[in-house]
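Subject: Structure handover

Hello,

Here is the structure I said I would pass on. My notes on it follow below.

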Amino acid sequence: MTPELLKHAIVHALAEFPKESAGVVVEVEGEARYWPCRNVAKHPEKDVDWGAEDLFAAEDAGRLLGHVHSHPQEDSSHSPADCAASELTQLPSWVVTPKGDWRRYDPRSRDLLQRRFVFGVD
């Protein structure tokens, strides 16, 4: 994510405060864009759920590169649910805060140092 896209994601997080913001990064005509989405979660102050309409519109515009959401009352660490969602889509995700903190999680490049390896097992 470029600094410009990150700025858009943080501005969106500020605009949605105290709710969690939801967005995606989409490649449109060879250029990455931050695409704000509506958070349609039942409890948007503590959960995020990207609206299907907004996701479909983003995918119609271009190739989905990753998901972005905010943690308005917390730090930018990914929760276990955030990581599981990223694992499911196999796309990177970013968590931003209204204070401007951010972190990236990419399931395709997980840290292998603490992973237990067993011969013959994936």
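Helices and strands here are DSSP runs, numbered from the N terminus; a helix is H or I with at least four residues, and a strand is E with at least two. With that numbering, Thr97 sits in the loop between strand 4 and strand 5. Please keep in mind that this is a predicted model.

Overall layout

The chain has 3 helices and 5 strands. Read from the N terminus, the order of elements is α-β-β-α-β-α-β-β. Of its 122 residues, 39% count as buried. Among contacts with a separation of 6 or more, 54% are between residues 24 or more positions apart.

The 5 strands form an open sheet in the order 2-1-3-4-5, with mixed pairing. Strand 2 and strand 5 are the edge strands, each pairing on one side only. From one strand to the next, the twist averages 25°. Helix 1 packs on this sheet and touches strand 1, strand 2, strand 3, strand 4 and strand 5; the direction of helix 1 makes about 5° with that of strand 2.

Strand 1 (residues 22-28) pairs with strand 2 in the antiparallel sense, over 7 bridges. Within this pairing, Gly23 has Pro36 in strand 2 as its bridge partner.

Strand 3 (residues 63-70) and strand 4 run parallel and are joined by 4 bridges. Val68 has Trp94 in strand 4 as its bridge partner. Between strand 3 and strand 4 the chain passes through helix 3 (residues 80-89), and this β-α-β crossover is right-handed.

Strand 4 and its surroundings

Strand 4 (residues 93-96) is covered on both faces: Ser93 and Val95 are buried on one side, Trp94 and Val96 on the other. Strand 4 is also joined to strand 5 (residues 102-105) by 4 bridges, this time antiparallel. Val96 stands opposite Trp102 in strand 5. The two strands make a hairpin with 5 residues between them, and Gly100 in the turn has a positive phi of about 100°.

That brings us back to Thr97. Is Thr97 buried or exposed? The relative accessible area of Thr97 is 1%, and the cut-off for buried is under 20%, so Thr97 counts as buried. Leaving out residues up to four places away in sequence, Thr97 touches Ile10, His71, Glu74, Asp75 and Ser76.

Salt bridges

How many salt bridges does the count come to? The count is 7. Three of the pairs are described here, starting with one inside a helix.

Lys7 forms a salt bridge with Glu4, with the closest N and O atoms 3.9 Å apart. The cut-off is within 4 Å, so this pair is included. Both residues lie in helix 1 (residues 3-16), and because they are 3 residues apart there, about one helical turn separates them. Lys7 is partly exposed at 47% relative accessibility, and Glu4 is partly exposed at 44%.

Arg38 forms a salt bridge with Glu53, with the closest N and O atoms 3.6 Å apart. This pair links distant parts of the chain: Arg38 is in the loop between strand 2 (31-37) and helix 2 (52-61), while Glu53 is in helix 2, 15 residues apart from Arg38. Arg38, at 46% relative accessibility, is partly exposed. Glu53 has 61% relative accessibility; the cut-off for exposed is over 50%, so Glu53 counts as exposed. Arg38 and Glu53 also belong to a network of salt bridges that includes Asp54.

Arg104 forms a salt bridge with Asp106, with the closest N and O atoms 3.0 Å apart. Arg104 is partly exposed, with a relative accessible area of 45%. Asp106, in turn, is buried at 11%.

Regards

Terms used
Residues are numbered from 1 along each chain as its sequence is written. This is a predicted model: local features need pLDDT of at least 70, side-chain atom pairs count only at pLDDT 80 or more; totals for chains, interfaces and linings use all residues. Side-chain values use heavy atoms; hydrogens and water are left out. A salt bridge is a side-chain nitrogen of Lys or Arg within 4 Å of a carboxyl oxygen of Asp or Glu. Buried means under 20% relative accessible area, exposed over 50%, partly exposed in between (1.4 Å probe, protein chains only). Contact means heavy atoms within 4.5 Å. Two strands pair if DSSP finds at least two bridges between them. A crossover is right-handed if, with the strands pointing away from the viewer, the path from the first strand over the helix to the second runs clockwise. Axes are lines fitted to C-alpha atoms, for helices over the stretch in contact, and angles run from 0 to 180 degrees between N-to-C directions.
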